[in-house]
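The sequence and the structure are shown first, and the description follows.

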Amino acid sequence: VQVFVQVAAGMVHMHRRSVYHADLKPNNIMLSKAGEVKIIDYGLAWVKGEGKDRVQGTPEYMAPEQAKNGMVNERTDIYNFGATMYRLVTWRLPPAALTSTDGMPMDAKTFKNLLKPVKEFSSEAPTALCNLIHHCLEFQAPKRPERMSEVQGQLDRLADELGPPDDDE
């Protein structure tokens, strides 16, 4: 949760400057020796107002509208972050948003049926975190949190509830 808080803070900072990462995934999050979280690989980053003439990103972490329409915005980054949290908490990927297991185009109902609950794979994960991950992974963008700052706020509250990391151990 502490790592997720720092990633969300970094994404809020970027979004306030109208920059969207467009390829957030575990491989693009690094932990320094000092314990600082770094978001890396801005090769696909998009500045609001610039044109995007093709679909870019890592398919396993792409939001449905990013995969289908090449759209990149705050809510697509929120989806990417939700997929990243899902992967790091469950050690599994969420269903690909572009095609279902039979190769057909994905729709919201099929996606919901294929997305297994976080608790199924990680029973010790806090319920509030599981709910947040699923909220970020909503197939339809308007159902996701509107702003990364909302996600950051929920993670901050969860971190406070869980208490500070114990440096004595």
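After helix α1 comes serine 18, a residue with a positive phi near 60°. The model described here is predicted. Serine 18 keeps this positive phi of about 60° although it is not a glycine. The residue belongs to the loop between α1 and β1, and with a relative accessibility of 25% serine 18 is partly exposed.

Helix α1 itself covers residues 2-16, which makes 15 residues. From its first C-alpha to its last the helix reaches 21 Å, close to the 21 Å expected at 1.5 Å a residue. Its buried residues are Phe4, Val5, Val7, Ala8, Met11, Val12, Met14 and His15. The elements that cover these buried residues include the strands β1 (19-20), β2 (29-31) and β3 (37-39). The helices α3, α6 (127-136) and α7 (148-162) are also part of that cover.

Tryptophan 91 sits in the loop between α3 and α4, where α4 comprises residues 108-114. Its relative accessibility is 65%, so tryptophan 91 counts as exposed.

## Aspartate 77, a buried charge

Helix α3 spans residues 74-90 and contains aspartate 77. This aspartate is buried, yet it takes part in no salt bridge. Which side chain of opposite charge is nearest to aspartate 77, and how far away is it? The answer is arginine 144, at 9.4 Å.

Aspartate 77 does have a polar partner: its side chain makes a polar contact of 2.7 Å with the side chain of histidine 15. Histidine 15 is among the buried residues of α1. Leaving aside residues up to four places away in sequence, aspartate 77 touches Met11, His15, Tyr20, His21, Ala22 and Met148.

## Salt bridges

Side chains of opposite charge can pair when their charged atoms come close. The structure holds 4 salt bridges. One of them joins aspartate 23 and lysine 25, with 3.7 Å between the closest N and O atoms. Both aspartate 23 and lysine 25 are buried. Another joins glutamate 36 and lysine 38, whose closest N and O atoms are 3.6 Å apart. In this pair lysine 38 is partly exposed, with a relative accessible area of 40%, and glutamate 36 is partly exposed at 42%.

A further salt bridge is formed by the side chains of glutamate 74 and arginine 147, at 3.1 Å from N to O. This pair links distant parts of the chain, since glutamate 74 is in helix α3 while arginine 147 is in the loop between α6 and α7, 73 residues apart. Glutamate 74 is buried, at 10% relative accessibility, whereas arginine 147 is partly exposed, at 40%.

With a relative accessibility of 42%, glutamate 146 is partly exposed. The C-alpha atoms of glutamate 146 and arginine 75 are separated by 6.4 Å, although the two residues are 71 residues apart along the chain. Apart from residues up to four places away in sequence, glutamate 146 touches Glu74, Arg75 and Ile78. Glu74 is the residue that forms a salt bridge with arginine 147.

A disulfide is a covalent bond between the sulfur atoms of two cysteines. How many disulfides does the structure hold? The number is 0. Cysteine 130 is in no disulfide, and the nearest cysteine sulfur, in cysteine 136, is 12 Å away.

How values were computed:
Residues numbered from 1 in each chain as written. Predicted model: local features only at pLDDT ≥ 70, side-chain atom pairs only at ≥ 80, totals over all residues. Heavy atoms only, no water. Helix = DSSP H or I, 4+ residues; strand = E, 2+ residues; numbered from the N terminus. Buried < 20%, exposed > 50% of the residue type's maximum accessible area, 1.4 Å probe, protein only. Lys, Arg positive; Asp, Glu negative; His and termini not counted. Polar contact = N/O pair within 3.5 Å; in protein donor to acceptor, adjacent residues only side chain to side chain. Contact = heavy atoms within 4.5 Å. Expected span 1.5 Å × (residues − 1). Disulfide = S-S within 2.5 Å.
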